[in-house]
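Please open the model in your viewer and keep the selection panel at hand.

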Amino acid sequence: MKYHFYYIGVLVLLFFTIVHAKKNDPRIFGYDVQFYELSIGFDVPMKRFGGNVMVSAEALSKLDTIVLSASNKTLTIDSIFYNGRKVNFHHVNDHIFIIPSTKPLPNRSFELYVFFQGVSDFHGEYEGGGVFFNTDRGVERIATSSQPHFARTWWPCKDVPDDKATMNINITVPNTLTAVSNGILKNIELGEKTNTYQWETEYPISTYLVSVAASIYRQYSETYTGLNGQKMKISYYVYPEHYFRAQKDFENTLKIVQFFSSTFCEYPFINEKLGFVEVPGQITMEHQTIVSMSDNIITGDQQYELTLVHEISHHWWGNLLTPANWQHTWLNEGFATYAEALWLEHSKGKLAYNKFIYDLMSVNQGQYSGSVIGESDTAFFDSFSPRVYRKGALVLHMLRGVVGDSIFFTTMRNYINLQKFHYGNVTTTDFISECELVYGKSLKWFFDEWVYAHTETIDRPEYELSWTDSSDFPNYSVSVLLKQTTARTQLYQMPMTLSISSVNNIYNFKIENSLPTEMFTFTVPEKPRWVEIDRENWVFKQVKVIDKKY
């Protein structure tokens with residue numbers, strides 16, 4: 001999901017931080033879901049929906065109570081069956097507490113059938129979620145959005161990111177509409193007034209990545225050829241009136257997929273598809289194999305191409321490797337934001353990359369304050385703030401500067417190709433371990449100050465630099481005094497390049513600043529005219545040259 005932060009007001013963010021801070025009942029982690037079959041139908045004029053979900057799971061411990069996520073505000077639970085027998089349940093505090101007729105024992109499988117109906121209270125806003133019903137010039141449209149905890153508002157499930165399952169999704173809609181979802185379309189059951197679209201995914205999926213969209217669509221496709229020659233369809237479902245705009249906006253999709261596949265690993269869902277579906281509202285989202293693209297960014301001039309890049313990249317960073325919980329959202333959003341920079345570097349050159357990084361850095365001191373890793377697993381803004389996206393991307397940029405291109409890209413490839421994490425879940429510690437394994441040294445100092453450190457007022461070091469020179473024939477001696485003026489709040493340790501410029505040349509020296517005040521002395525063959533640090537902008541910082549003399 002890519003947010004445009006200049007639209008977000010402080011009060012809105014604070015509101016969603018507070019109201020979305022409900023925790024999961026810990027008993028929900030007592031089982032592992034293996035498979036869902038969701039059957040759901042929609043009534044657009046009434047903004048209602050209903051159906052049933054079959055949950056096939058395995059107990060991890062003896063379960064006296066089985067817990068599912070289900071909003072009390074939007075869902076009504078009609079009945080529940082456990083292993084074929086109707087059972088009692090309580091629906092409170094956005095959870096269903098199911099009393100099984102026989103207690104599931106550890107490592108034993110069980111099945112639930114949950115019958116439900118619901119009403120939507122979602123209006124398509126980016127910080128909300130659920131089912132969005134929209135009618136535009138007589139055309140009915142349906143779209144869902146579930147990140148981070150909104151799947152529970154439209155279907156009962158285990159709504160946590162670290163329990164992935166395979167899934168069938170059966171969608172019944174008026175026969176004037178086409179219903180689109182994750183995976184492969186296996187069948188369409190035609191009815192007198194409604195049709196049921198049967199989608200299936202064999203790749204494990206988190207509940208926040210499950211999607212339903214329906215409208216009148218014009219469909220087209222192209223073919224991606226994988227690294228080993230395997231063919232896969234890239235499908236587009238767009239409003240008929242936006243068909244020609246979409247063709248222009250999606251013009252580079254194939255090149256983007258090819259770039260990420262060659263840079264990281266093969267497109268992870270090549271046995272199914274990569275799809276894009278146009279939806280109403282502000283709910284652009286990286287749903288697995290079927291990206292939702294808000295209709296207001298289908299413009300026909302590619303002005304939102306970086307949003308397209310961001311969402312495609314999530315199929316590696318978020319969908320293949322999914323955070324174990326929302327404290328690690330930067331592993332999704334920071335990585336996808338940095339993927340935008342990599343695409344610019346690949347498609348438009350280093351200057352475009354540098355400008356992107358410069359723009360991320362060009363904010364007031366403290367705008368990205370707080371830790372990049374979340375302090376809460378449930379507060380919306382803690383997981384989806386600018387620091388998670390933008391400072392998270394800067395962490396990767398700075399890591400690249402510290403370790404160098406060869407080690408950086410080897411690390412990224414090794415990390416994304418670790419089979420033990422494929423279609424599973426990861427934490428920040430998992431990423432750090434791979435970084436240190438490839439680099440061959442500890443990077444604790446780096447991640448402690450850039451990812452884990454929680455500072456309320458600053459988000460980067462501020463330096464004061466002063467310098468003086470003296471003739472030491474035939475050379476010149478240059479003394480540089482470097483102060484971290486923010487060291488009392490957070491002392492940063494960073495390797496940097498210090499550059500001394502003469503009339504004709506620039507002399508570069510590697511330094512490592514790790515003290516509040518440090519003196520460095522250098523010898524150059526020409527009279528110096530200027531001294532600066534990190535002229536290539538590898539470090540997120542502010543620098544003030546206060547005087548030639550100290």
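Which residues does Phe-447 touch, not counting residues up to four places away in sequence? Select Phe-447 together with Trp-330, Val-395, Leu-399, Phe-431, Ile-432, Cys-435 and Tyr-452, which are its contacts (heavy atoms within 4.5 Å).

This is a predicted model, in which local features need pLDDT of at least 70 and side-chain atom pairs count only at pLDDT 80 or more, while totals for chains, interfaces and linings use all residues. Residues are numbered from 1 along each chain as its sequence is written, and side-chain values use heavy atoms, with hydrogens and water left out.

Turn now to the cavities, of which the structure holds 2 of 30 Å³ or more. A cavity is a set of points on a 1 Å grid over the protein atoms alone where a 1.4 Å probe fits but cannot get out; lining residues have an atom within 4 Å of a point. Volume is the space filled by probe spheres set on the points.

- Select Asp-249, Phe-250, Met-293, Ile-297, Ile-298, Gln-302, Tyr-304, Glu-305 and Leu-308 to outline the largest cavity, with a volume of about 50 Å³.
- Then select the lining of the second largest cavity, including Phe-49, Thr-74, Asp-121 and Thr-153; this cavity holds about 30 Å³ of space.

Technical notes
On a 1 Å grid over the protein atoms alone, a cavity is a set of points where a 1.4 Å probe fits but cannot get out, and a pocket is an open set with protein on both sides within 12 Å along at least five of seven lines; lining residues have an atom within 4 Å of a point.
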